[in-house]
Amino acid sequence: MSQILTSRQAEELHRALIAYLTSNNLPNTAAALRAELGIGEDVFDAATAKKYEGLLEKKWTSVVRLQKKIMELEARNQALQNELDNSTPTSRQNKDPVNWLPKSPARHTLQSHRNPITCVAFHPVFTSLASGSEDQTIKIWDWELGELERTIKGHTKAVLDVDFGGPRGNTLLASCSSDLTIKLWDPSDEYKNIRTLPGHDHSVSAVRFIPSGVAGSSGNLLVSASRDKTLRIWDVSTGYCVKTIRGHAEWVRDVCPSFDGRYVLSTSDDHTGRLWDISLPNPEQKTTLIGHEHVVLCCAIAPPASYPHLASMAGMKKPPPATSSVEFMATGSRDKTIRLWDARGNCIKILVGHDNWVRGLVFHPGGKFLLSVADDYTLRCWDLTQDGRCVKTISDAHGHFVQCIRWAPSIVKEPSVPNGDAQGDANGTPKKNAAPGVIDPSQIRCVIATGSVDLNVRIFAN
C-alpha cells in the first residue's frame, strides 16, 4: 500500500474507511480497524468522523464514472484509428480520383431557397448546378464559384426532381413537381420553359433523361416516376408520352436508367425495386427486388468499374463483362438499410449504419465506393473492396435531413461533335470506340452536391 499511496493519502483512506464503517452501524469492525492502525479518540473524534462521512462512496462512484469515460474514449480512439488505417493519404487522394472521398467542411454552402431542398443535378459540361425545392423554384448555381446564377419559376407546387440531358447537342433541364407536370427548360436560351408534359395523375417524384442507345433513341427520351403508381417514358422532342409502365402497387419514388438506356430501375412505397427492359415495344419487368421492410426511397445502378468488387461480394468467380449494363444495383429505404443486389434479384449485402431513412445513393465513378445520405444528417461512404464496410461518416454533412446527393459527371475531354455523329455526343456520352459505361479515372470529377431540409445545398469538392 505504501508503495502506491503517499502517507497522507493512506491516512485519508484509513479515516474514510473508519467513517464508512461507523456510519453503516459496524462499530466493532471500526473499533478493530482503529486499534490496528493506532487511531484513538483524541485523533479521530466525532467532528472528524462527520468530515470523512460519505467520502469513500463519493470516491468510489467517481472512479466508476471515470472508468466508463475512459472506455468510451478508448472506443472512440480505436474507431478513429481504424478510419485512419483504412483511409487513403490526402496526398494520394488528390492525385488519385478513384480513391477520393468527400470530407468536412464542404467547399461551398449555397443558400437562397426558402423551403427544404428536394433535389440537385449537375450540368454535364459547364459548372452549373440545378437545385429544386418545396418553395416551387429551381435555382441555378455556379458550383465552382459558389454563386447563385438565376431562379427559375414555373411550377405551382414543390419541385421534386431535376435532371440535365436531352437530344444530342441540345442539353436541356427537366424538372418534375407535385403539380403533376414535367417541365423542360433550355439552358442555352436563359432557361426558357420550352415544353410542359402533362399526363401523370398524381405528384411526379422523379425524372431522368435516358442515355442514347435504345433502338430509335437519339437521347431524346425521358423517364418519370409518379405517385400514380406508374412510370412514363416521354419523347422530349414531341412532348408525347410514348410508353406507360404499370406494375408497382404503390407510389413510385425513384427511377434510374442504365448507361446504355436499355433498362430502368424503379423503387416504390410497395417495398420493392423493379428492373424494366424498356427497349421492347411493351416494356417488361426483368427483376423484382424483394427484401426491404419499408418504403424504398432511392436506387442506383452500379457502374462497370464496381463489377469486380461486387462480384467478389456476391461470391462470383469472375466479374461480368464491362459491356453488360445492369449487373448490380443498390436501393435505400425507410427501414434505414441499403441493399446491394445482383441482376437476378438476389440481395448480396445489407449495409447497416444509418439511424434514419436512407434518402439518396450514388456509386463512386471509380467503382470502389457507394455513398449514401439519410435523415440522420449524415453522408456515409461504404467500401465495396472491404465487403461494404462503412469507412467514412460525415456526421455534420447538414443540420437537418439530407434529401439528395449527386456526383458531378465526368469531364468530357473529346471535343463535342455537331449533331452527335458516330464519334461522340455533345452531352458527354463516351466515344463509340470506348467501352460503354467505362470512365477513364483521369476524367473523374471529384465533386459532390447534397441538399437538405436545412435549406442548404452543399458542395464537397477536391
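The following paragraphs go from the whole chain to its annotated repeats and then to one residue.

This is a predicted model, in which local features need pLDDT of at least 70 and side-chain atom pairs count only at pLDDT 80 or more, while totals for chains, interfaces and linings use all residues. Residues are numbered from 1 along each chain as its sequence is written, and side-chain values use heavy atoms, with hydrogens and water left out.

The protein chain has six helices and 28 strands; helices (H or I, at least four residues) and strands (E, at least two) are DSSP runs, numbered from the N terminus. Of its 462 residues, 51% are buried, meaning under 20% relative accessible area with a 1.4 Å probe, protein chains only. The accessible surface is about 21,800 Å², and carbon and sulfur atoms account for 50% of that, by the Shrake-Rupley method with a 1.4 Å probe. A contact means heavy atoms within 4.5 Å. Among contacts between residues at least 6 apart in sequence, 52% join residues at least 24 apart.

Residues 245–279 are 57% strand and 0% helix, with end C-alpha atoms 12 Å apart. Residues 328–342 are 80% strand and 0% helix, and their end C-alpha atoms lie 4 Å apart.

Ser203 sits in the loop between strand E9 (192–197) and strand E10 (204–210). Leaving aside residues up to four places away in sequence, Ser203 touches Leu160, Ser177, Ser178, Leu180, Ala225, Ser226 and Arg227.

Note on methods: Buried < 20%, exposed > 50% of the residue type's maximum accessible area, 1.4 Å probe, protein only.
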